[in-house]
Amino acid sequence: MAAVAISACRSPDAEVQKHAQKIASLRATTLSITEAWLQGQVNGTYAEGALEQTFHLVEQERAAVASTPSGLARSRSNALAREAEAISRVIAALSQDVQSRDGVNARRRVGDLRVATPEQP
Amino acid sequence: MSAIFDLVLGIVTSIGGFVEAGSISTAAQAGSEFGFQLLWAIAIATLMLAMLVEMSGRLSAVSKRSIAAAVRERFGIKFQVIPFTAELVIDTLLLAAEIGGAAIALKLLSGVHWQWWVIPLGAMAWAILWWCGFGVVEYGIGLLGLVTLSFVYSAWRLQPATKSLAASLVPSLPQHDPVRYAFLAVSIVGATVSPYLLNFYSSGTLEERMAEEELWVNRATSYLGMCFGGVVSMGVLVTSAMVLQRQHIIPDSYEQAALMFVPVFHDWAVPLFAAALGIGCFGAAVELALNAGYVCAQVFGWSWGANRPRRDAARFSAAFTLVLATALVVGVLGFDPLRLTLLSVALTVAIMPFVVLPFLVLMNDPQYVKKHGSGPIGNVLLAVLTVLGGLLAVVVVPLELFGG
């Protein structure tokens, strides 16, 4: 219990690390959903809904990282907020691609997202 | 022959009814964040549940009283008011979460926002409770719930290393984030050992008029059914570890969790996941609403029974209708089902001592169990469970705050 209590007092860095992990997870989710759709393993209805849900989660993380001026002033938090915004933009574009069944554009965006994938925490 | 048939049916439906929103979400998160490492928590929680369920059935078959009625009679209303209020609150929250889970399952298939499905699902649950007997609730939904075996199949197809699985059945310290690890372990216990299951099982024993001579059926059904059900939960954790952890996905939504089926089931992945989630959650919702009616009626001494004509159990029927309506309001307001699940799981752990402690007394009172008391081994295990329940209740709130 003592170990749990001590570990529970998280430093701001640990908090940022947690957000970084979540954002990495949401990026991986976006890739996974789109690839499954491109391979015909999931239909457009699911892909669209799942991307929309992922978009909301990314926005929640972005808001959490950038919730205070002092938090956003930290370079790591700032970079994370920008990364989250970039993922949101890609998800929005991917949703359009899924709606219009534009596999070519979706494949290109997945490629871009994969290239930009930071190392996993 | 009939007893054997009842036994097999009981075991099969226990497996089908085991997995619901709480077990899917906690096991999926545990697997994605810590691999197989938390399998021991499912194993311990399942054994705890099997033990308590067996005692609930034994107490009811011998004393012809449900757990809620026996606690009220033996401890009085001053003690009963705490577990009763807590159980009603948890039942309502969990009911909202389960209906939300079933609604999200329909959203996965249809694309229609989940909140649109809350009222139709609630109406369907109410109609089943109003017009169908206990057999339909217990066996019909339990049999449909066998679709959750798809988690076991996918775990088997992914071929996890047997040695790692076996090693994970022994508790071990995590390599990272101990608070989160402890939170997930406690959540798994809370999601598995739900108080509603105990009273529901106990009331079911009375609905089915189980006799004292059939206690072996009760023992076999509870231990085998619950243990096989625990294997389904383990299937969720293993599949999540093998698929989601490798892709660095931590599921914060059911949409993410559905991806765990893709490598095994391909284009059947989403429909199968939606069916497992939807049927598991809907079945739990019907049982929760029915249990809320049972608890209210048994505590206040009203006539009750799913098989009785509604006019003969009017207050019981009004109670489950009211609880169902309250849960629907929570659902329609748009509270996130996954968060509601985790909240109710934490509350379940917080009241665990009030759930387990009465067993220690009742299972040793010949007025209730006659010669079928717990015995020294049973009492030691119950004492351990009570202490463990107390410890978990103390740590759950800080863990929820810092690890949830």
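With 11 C-beta neighbours inside 10 Å, K370(B) counts as exposed; the cut-offs are 20 or more other C-beta atoms within 10 Å of a residue's own for buried, 12 or fewer for exposed, and partly exposed in between, with C-beta atoms placed from the backbone. This is a predicted model, where local features need pLDDT of at least 70, side-chain atom pairs count only at pLDDT 80 or more, and totals for chains, interfaces and linings use all residues. Residues are numbered from 1 along each chain as its sequence is written, while chains are lettered from A and ligands numbered from 1 in the order in which they are written.

Back to K370(B): this residue sits in the loop between α19 (366-369) and α20 of chain B. Helices here are DSSP runs (H or I, at least four residues), strands are E runs of at least two, and both are numbered from the N terminus. Most residues other than glycine have a negative phi. K370(B) has a positive one, and R209(B) is another such case. R209(B) is found in the loop between α11 (195-207) and α12 (215-245) of chain B, and counts as exposed too, with 9 C-beta neighbours inside 10 Å.

| Residue | Phi | C-beta neighbours inside 10 Å |
|---|---|---|
| R209(B) | near 55° | 9 |
| K370(B) | near 50° | 11 |

Now for the chains themselves. Chain B has 20 helices and 0 strands, and 58% of its 404 residues are buried. Its C-alpha trace spans about 55 × 45 × 45 Å along the principal axes. Helix α18 (residues 352-362) of chain B has 9 of its 11 residues buried, so it is largely enclosed by the rest of the structure. Among the buried ones are F354(B), F359(B) and L362(B).

Chain A comes to 6 helices and 0 strands, with 39% of its 121 residues buried.

And the interface? The contact (C-beta atoms, placed from the backbone, within 7 Å) takes 25 residues from chain B and 26 residues from chain A. On the chain B side, α20(B) gives the most, with 4 residues. By class, that side has 14 nonpolar, 7 polar and 4 charged residues; Ala, Val, Leu, Ile, Met, Phe, Trp, Tyr, Cys and Pro count as nonpolar, Asp, Glu, Lys and Arg as charged, and the others, Gly among them, as polar.

Terms used: Contact = placed C-beta atoms within 7 Å.
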